[in-house]
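Hi there,

Here is the structure I promised to pass on. My notes on it follow below, with the cut-offs included so that you can check them yourself.

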Amino acid sequence: MTTRSVAAQGRGQARRAANSKAVEVGARAGFGARGVIYVLVGALALQIALSGGGKQADRGGAIAEIAEKPFGRIVLWLLGIALVGMALWRLSEALFGSAGPDGGKASKRAMAAGRFVFYSFVAYSVLSFAAGDSGSGGGSSDQQSQDVTAKVLGWPGGQWIVGIGGVAIACAGIWIAVRAIMRKYHKHLKMAEMSQKVRRAVDFTGVFGGSARGAVFATAGGFAVAAAVKHNPDQSKGMDDTLRSFTETPVGPWLLVVIALGLVAFGIFSWFNARYRKV
């Protein structure tokens, strides 16, 4: 057997593994875990809007909230393992392409690679917290954002780097919201398998949830740009402070109520993905 044939056989085995039932189960479990986190973040943000206080409304706050409940550590282990499944699915998409006619495009695979890195980090933070490292997954996103911004601002050309990063995050938020409003997610879901009632629920949570999520990203990007312009890392905000900033608008806390409910809707939409996503 030649080296080329051995390599081809290895690639075939890797592709079959990427398309295996185990990877599909991991992806669906990952969507379920993502839904849990977003529902909790939305609920924490709603507490802030209605009471003016509350715990930090970000992934760290959601993880800490779970940990405080009976059997919370076990739940965190399950969520972390599910997120590992999501990361591995994204890796398979980066290596072999995703479902759909344009799934093999270089841009799609690059985005899948970025999502693999992101979900790997999230899975690591959740599993680390479950293992007892409370400073890993439960840290404040605001402090982390300011620490990273301060470090980058100290680099040569740091203001430009932070500014460009902020613009990229803001554009990503707008892109997320626009795609949600245009219902681009339809092509990724098994719409034919849904009843009319389920389809309406998917569209409501997909549009509302995706728009709210996009608004949070876009606002966070705007704060990063402000940090670059003012050369002040304190202007940079994580998810918690970004959400709290919505209470400072002319409509007061009611905008945060809408955003919080939108994040809960996105969590529910993630659960629909767990059931109907084309994997």
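**Aromatic pairs and a helix contact**

Searching the whole structure gives six aromatic pairs (rings of Phe, Tyr and Trp, the last by its six-membered ring, with centres within 6.5 Å; planes under 30 degrees apart count as stacked, over 60 as edge-to-face and the rest as tilted). In one of them, Tyr 185 and Phe 269, the ring centres are 5.0 Å apart and the planes stand at 70°, so this pair is edge-to-face. Tyr 185 sits in the loop between α8 (158-181) and α9 (196-230) and Phe 269 in helix α11 (residues 254-276), so the pair ties together parts 84 residues apart in sequence. Helices here are DSSP runs of H or I, at least four residues, numbered from the N terminus. Tyr 185 and Phe 269 are both buried (under 20% relative accessible area, 1.4 Å probe, protein chains only). Together with Tyr 38 and Phe 266, they form one aromatic cluster.

On to the helices: α4 (residues 72-96) and α5 (residues 106-130) pack at about 165°, with axes 8 Å apart (lines fitted to C-alpha atoms over the stretch in contact, angles from 0 to 180 degrees between N-to-C directions). They are therefore roughly antiparallel, the term for angles over 145 degrees.

Please keep in mind that this is a predicted model, where local features need pLDDT of at least 70, side-chain atom pairs count only at pLDDT 80 or more, and totals for chains, interfaces and linings use all residues. Residues are numbered from 1 along each chain as its sequence is written, and side-chain values use heavy atoms, leaving out hydrogens and water.

Best wishes

Note on methods: Helices (H or I, at least four residues) and strands (E, at least two) are DSSP runs, numbered from the N terminus. Buried means under 20% relative accessible area, exposed over 50%, partly exposed in between (1.4 Å probe, protein chains only). Angles under 35 degrees count as roughly parallel, over 145 as roughly antiparallel, 65 to 115 as roughly perpendicular and the rest as oblique.
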